[in-house]
Amino acid sequence: MQAEREDEEDASGEEYVAQSDFTGSSSEQLSFCSGDRLIVHAKPSSEWWWAELRGVKGYVPVSYLRQDAEEEEEEGQDPWQDEEYFGSYGTLRLHLEMLSDKSRTEAYRQVILSNSASLRNKVVMDLGCGTGIISLFCAQLAEPSEVYAVEASSMAEYTRQLVKQNGCEEVVKVLQGRAEEIDLPEQVDVLVSEWMGNCLLFEFMVESVLLARDRWLKEGGVMWPSSAALTLVPCQANGYYAEKMAFWEQPYGLDFTPLQPLARQEFFTKPKFSHLIEPNDCLTAPCDVLHLDMYTLQVKDLEEIKGQFHFHVKTSGVFHGFTAWFTVHFESLETGGASVELNTGPNSEPTHWKQTLFMLDRPVSVNAEDAISGTIRLHRNPVWRRHMTVTLHWSINSSTGETDNCQVGTKTFPMWR
Ligand code: GJV
């Protein structure tokens, strides 16, 4: 691999500066610290470049680098990418996807319905209302005094029409703008929002919810969802592995395995968002690795979130990676009322979030009773505020008790930068 790369290298190289720390997850990747000056010799893909630091060469993630002159340019760029973000919510594609997701939409409907008595005469804020579905549920299924439906994208203009069309304009007030910037005439009793992204936090819309909570939620007010958890399970992914990696072993009877390192970079570097794991592909019982309390969580806590896991393998199989999903809970306001849960895992109805698959660089055979333990770290990108990296560290302890049978690994997955 290295020898091949050197053929295409330009001998001098261009200098780039690392914007933040990066820990390589294999010997093919370089590790570096914020401020390090790297020489880039080749740019084989838009995501990974071939670079050199203190005489050592390896792949580096492009998004961690900038040229010296880029510093000024970057100041002009929006770390929230709002134009692109709210632009995409100004079209119907994403709203159709969210509204078509029955589990998601029905969960919010159920929350309103089962709390309708308690919502009477309450003031509600629906943060990121989109087409206004949650606000309309409130107005139709309960009798709140006011619902402030806040939406930053241009969809808000249509939402206003939908509210009118459905006869809810007395109760639902559509406010177009970023929740961080709008002014409400009063504080609210309930702050409801559907803010969850892939792997729970991606997009970091949760920050807007926390800021709105601190500014607009009355003392003793209610957050919906009230808590959130991220769940992880070690899994098989035979189909995906065969399609992207084993494929190169013998296509048309030829040996294409020299392409496997490239395949690993291209397909297994980032997590796969739209994965639907079969319950049978779970090698162990799942484990909650993070828990967020929406009343006490602080914006600064989002910079780095760590969790731990301990799994016991149920039956032997191939450990291809980890699958993650989230669950949120909505506490009940009624005395003795049951909380509502929206679970996006493999034992519930599939949702538009599906699950997130993190592939290991190399599969590992595991046996019943083996232990897989380790840590997960979600690290928010210091520059691009909607992005994060997920670092998984694991060790496998064989049940046969052989002392040399402990395997460890670490891998960092950018989502997306
Ligand atoms: N202020 C107003 N509207 C917002 C904000 C904000 N800070 N952030 C997102 N939205 N679950 N990951 C809107 C966005 O335009 C879209 O209509 C909706 O909230 C996203 C909801 C689903 N995304 C998610």
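**The second largest pocket and its surroundings**

Tutor: Strand 20 contributes most to the lining of the second largest pocket, supplying five residues. The model is predicted, so local features require pLDDT of at least 70 and side-chain atom pairs pLDDT 80 or more, whereas totals for chains, interfaces and linings use all residues. Residues are numbered from 1 along each chain as its sequence is written, and side-chain values use heavy atoms, with hydrogens and water left out.

The pocket itself holds about 240 Å³ of space. Its lining comprises 14 residues, of which D361, R362, W394, V408 and G409 are the closest to the centre. (A pocket is an open set of points on a 1 Å grid over the protein atoms alone, with protein on both sides within 12 Å along at least five of seven lines; a cavity is a set where a 1.4 Å probe fits but cannot get out; lining residues have an atom within 4 Å of a point.) Volumes are the space filled by probe spheres set on the points, which are joined across faces, edges and corners.

(Strands are DSSP runs of E with at least two residues, helices runs of H or I with at least four, numbered from the N terminus.) Sorted by class, the lining holds four nonpolar, six polar and four charged residues. (Asp, Glu, Lys and Arg count as charged; Ala, Val, Leu, Ile, Met, Phe, Trp, Tyr, Cys and Pro as nonpolar; the others, Gly among them, as polar.)

The domain assignment divides the protein chain into domain 1 (2-75), domain 2 (82-194) and domain 3 (228-415), with bounds from an automatic or database source. The second largest pocket lies between domain 1 and domain 3, because both of these domains give residues to its lining.

Three cavities reach 30 Å³ or more. The largest cavity has a volume of about 80 Å³. Its lining consists of S25, S26, E28, Q29, W48, R264, Q265, T269, D361, K411 and T412. Helix 11 (260-268) and strand 20 each give at least two residues to the cavity lining. By class, that lining has one nonpolar, six polar and four charged residues. Since domain 1 and domain 3 both contribute to the lining, the largest cavity lies between them.

The second largest cavity has a volume of about 50 Å³, and Q19, S20, S63, Y64, N381, P382, V383 and W384 line it. Four of these residues are nonpolar and four are polar, with no charged residue. Domain 1 and domain 3 each supply at least three residues to this lining.

The ligand has a shell of 20 residues, and E151, A179, E194, M196 and E203 come nearest. (A residue is counted as near when one of its heavy atoms lies within 4 Å.) Helix 3 (82-88) and helix 4 (92-100) each place at least two residues in this shell, whose make-up is nine nonpolar, six polar and five charged residues. In polar terms (pairs of N or O atoms within 3.5 Å), an N or O atom in the E151 side chain is 2.5 Å from a ligand oxygen atom. A polar backbone atom of M196 lies 3.0 Å from a ligand nitrogen atom, and a polar side-chain atom of E203 lies 2.9 Å from a nitrogen atom of the ligand. The ligand has 520 Å² of accessible area on its own (Shrake-Rupley method, 1.4 Å probe), and the protein covers 98% of it. As for the domain arrangement, the C-alpha centres of domain 1 and domain 2 are 45 Å apart.

Some backbone details complete the account. The M415 to W416 peptide bond is cis, with omega about -20°, and W416 belongs to the segment after strand 20. A cis peptide bond also runs from W224 to P225, with omega near -5°; P225 sits in the loop between strand 10 (217-224) and strand 11 (227-235). In domain 1 (2-75), R54 shows a positive phi of about 45° although it is not a glycine, and its place is the loop between strand 3 (48-53) and strand 4 (56-61).

Definitions and conventions
A polar contact is a pair of N or O atoms within 3.5 Å; within protein, one must be able to donate a hydrogen and the other to accept it, and residues adjacent in sequence count only if both atoms are side-chain atoms.
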